[in-house]
Amino acid sequence: ICTGPFVLCDMLMPRLLKPMLVYLGLALTYLATAAGLPSLLRSVRSAAALPGFHRADPAGPAEQSDSAPLASVRRSAVVATDLLRAAQLHHTVGVWPAAVPPLSLYLHGPGSRGRMAEPLRPRHERRAVALRPELWGRASFGPAFRALLRRLGPPTVDFQDNFMPYEELAGYDAAVLVPWDNDVMSFYELYHTSMPLLVTSQRLLAKWLPAVRWGSLEPTALSLERADGLEAGATNESVPLPWARQSSLSMALEDGSYGWIGASDYYRFPHVLLFESVAGVVAALLNADLAALQASMRSDSERIRSSSLDFYRSLLPQLLQGSEEWEQVARGGTCREGFLAQEDFRTSDAAPRCRFFCEETPGCAVVAFNGLCCMAYDSSCDIGDMRRDGERAAYAAWRQIQPQRAVRTGQSWPCRSLVEELEESLMMGITSVREMGGPYGQAIRTLERAGRIAAPNFHYAGRAIGMTGGHSDEQLVPVGVYRHMDSERTVFGALCDGVPECLKRVRENLRMQADVVKVMTTGGVLSEFDQPTDAQLSPEEIRAVVQDARQAGRAVAAHAHGTAGIQSAIDNGVTSVEHGSFMTREQARQIKARGYMVYTPTLTIHQLLFNGTSRPPSLDDNQWRKGRRVLEHNTRSAVMAMQERVPIVAGTDCPRGCALVGTEVNLLHMFGMTPLEAIRAATGDAPRCMGQYGMMPRSGRLAAGYEADVIALDVNPLARLEALTERERITHVWKAGRLVKGRAQARRA
């Protein structure tokens, strides 16, 4: 039974020469390459077309691939976890596989005979637990939803803030779940134990979708490819594609996400309580007959499990037909020498390591692909040399530096999202970044320095300091709710009013080991109630922040669009002016005269978001109007600063991920810098934004005593500057002298 990516299962089939059942829970094209996709799709069509075990296609039986003999078809099968995965496979290869919920896998363990005997509490004393509440922060209304739910009661809703063993979960009367993908294992596990489940209604989840972003629904270039012979119109065109773009609600609904959400088991399984509001959660906990609900869930769980087992009992004889032997492998894990840790997968020498381990282990064969590797063993591998999951030291080390050890566990999801962006940035040749505000910097830097994630050198500001009602405030959230979120350090900004509060905020950031401090001296574009030209924080507050930061050797960066806020930042000693959209020529000369100051125009975010003919769906009319006005002034200020020879450093403000420094470099060139000057703004001059007090990284130069951060391209960027925006042109990246990206076919670099 192979539960990994299909590309892995496909590579194992010819190695193992055993019947294989592929249980498809990941995207069909996960880890696949464009070059290998046609053969992969032929293979999955053959496996999915096992006679008698796929749903009848209204268009007629699926054609067999000419390259797949009948024997291989009968020796493999594909089963999907749910209807969404089944529909995606059908769209891609023209065959409907069986959809069997993971519920049938949970036959052993403490919950195998239903929920542990816990007496139900009286209605007004009931307690529920909200699972993965950090996901709620992704939606604009999520934090308020969470805060209100926490305050209301009885009944009481607690929020998971760490791994919860089954015994602890069983102490609750119900669980509240916002699904973050189509087949969340927690849902099936809890349903199997007859734990009453409160799940967001289909309508509410559709609103939440652009924030939660179901990876299973997100289309990719490879996922939309189809097997040979399946043209675009081969299936019913009235049925939407089983993928949906989710960057905005209108886009998600246009692509049919509402219907595909409804096809998930959250809305197909009976006896699941749905809610559309905080009041709905409270009403369900107060009014539902939980004892009857548990009995019904237990009965339905048995029915689904029995049906699933009947399916497998019918399927296995076909898979085993003609097999000489069938041996049950002992439980426990993999052979001792056949295990590589997750961090090893990122290294370029993974395949040689596989071969080295295999040479030492009887019965071992290697499958290597995409820099990953997998070990396959035959019967000569000693079953006694198995090791249990708990003994896998490499995974244990990985878990020791989980984000919850650096920040509260409930906030691990943004860390994962940021980790992906940082890895992409590193692959784009960005070896150092300055993160300018948020509660997760310390956690990310801990992982980066420990070598647990592939990321640039990570310098961070902690939470951006601003006044109540200013640009760092969540202006649509009730102030009491915001203060509560602030106390849990889950918000982007740190609010202060008056010098004492501002000093406390600086010291909180220093306690987080922040490398730089950020202040908001003006309003912004994306905030609701202020204007970019509004001056924010008093001169006394800014001066106090700068002086306190200076004592700790930290520079201060000022978010400053408007003229008055820029002047206040200059007068009170900040090191860098971010945006500077309404900067005057006199202010540009003052920045240059200071000697230690730099200017970060952040052209990228203004050009990508606001230099278009129509409003992006992610922006409202107020943001679009403000952004269009700022765009003109920001461009003018950048050109003027170049004319005045103001020291400029490259920064993007991360409009579409944080790997767009190459775009910023090209914009700097477009508006007046030479190619070499624009490159220098992202390399040799960039560390100046970290200040003159000792925190400036020794990077950006090829010189003795500097960090050996180097990138190589297969073209001359001075002649073709846009190559810095093209991942495939950046062939090699060295961070601190260690190769982190390299192409075998480009050894000449």
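The whole structure was searched for disulfides, and two were found. One of them links Cys 2 and Cys 9. The sulfur atoms of this pair lie 2.0 Å apart. The torsion about the S-S bond is -80 degrees, and the link of Cys 2 and Cys 9 is left-handed. Cys 2 has a relative accessibility of 7%. Buried residues are those under 20% relative accessible area, so Cys 2 counts as buried. Cys 9 is buried as well, because its relative accessible area is 0%.

A disulfide also joins Cys 496 to Cys 502. Here the S to S distance is 2.3 Å, which falls within the 2.5 Å cut-off for a disulfide. The torsion about the S-S bond of Cys 496 and Cys 502 is about 75 degrees, so this disulfide is right-handed. Both Cys 496 and Cys 502 are buried. Thus the link of Cys 2 and Cys 9 is left-handed, whereas that of Cys 496 and Cys 502 is right-handed.

A further cysteine, Cys 689, was examined for accessibility. Its relative accessible area is 8%. This value places Cys 689 under the 20% limit, so the residue is buried.

In general, strands of a sheet pair through backbone hydrogen bonds, in either a parallel or an antiparallel arrangement. Strand 21 covers residues 730–735. Strand 20 pairs with strand 21 in the antiparallel sense, over four bridges. Within this part of the sheet, Leu 713 stands opposite Ile 730 of strand 21.

The UniProt record, an unreviewed entry, lists residues 21–41 under "transmembrane region". In the model, the end C-alpha atoms of residues 21–41 lie 16 Å apart. The span is 24% helix. Strand accounts for 19% of residues 21–41. The "transmembrane region" label comes from the unreviewed UniProt entry, while the helix and strand percentages are computed from the predicted model.

Key: Residues are numbered from 1 along each chain as its sequence is written. This is a predicted model: local features need pLDDT of at least 70, side-chain atom pairs count only at pLDDT 80 or more; totals for chains, interfaces and linings use all residues. Side-chain values use heavy atoms; hydrogens and water are left out. Buried means under 20% relative accessible area, exposed over 50%, partly exposed in between (1.4 Å probe, protein chains only). Two strands pair if DSSP finds at least two bridges between them. Helices (H or I, at least four residues) and strands (E, at least two) are DSSP runs, numbered from the N terminus. UniProt positions are given in the numbering used here, feature names are shortened, and annotations may be inferred rather than shown by experiment.
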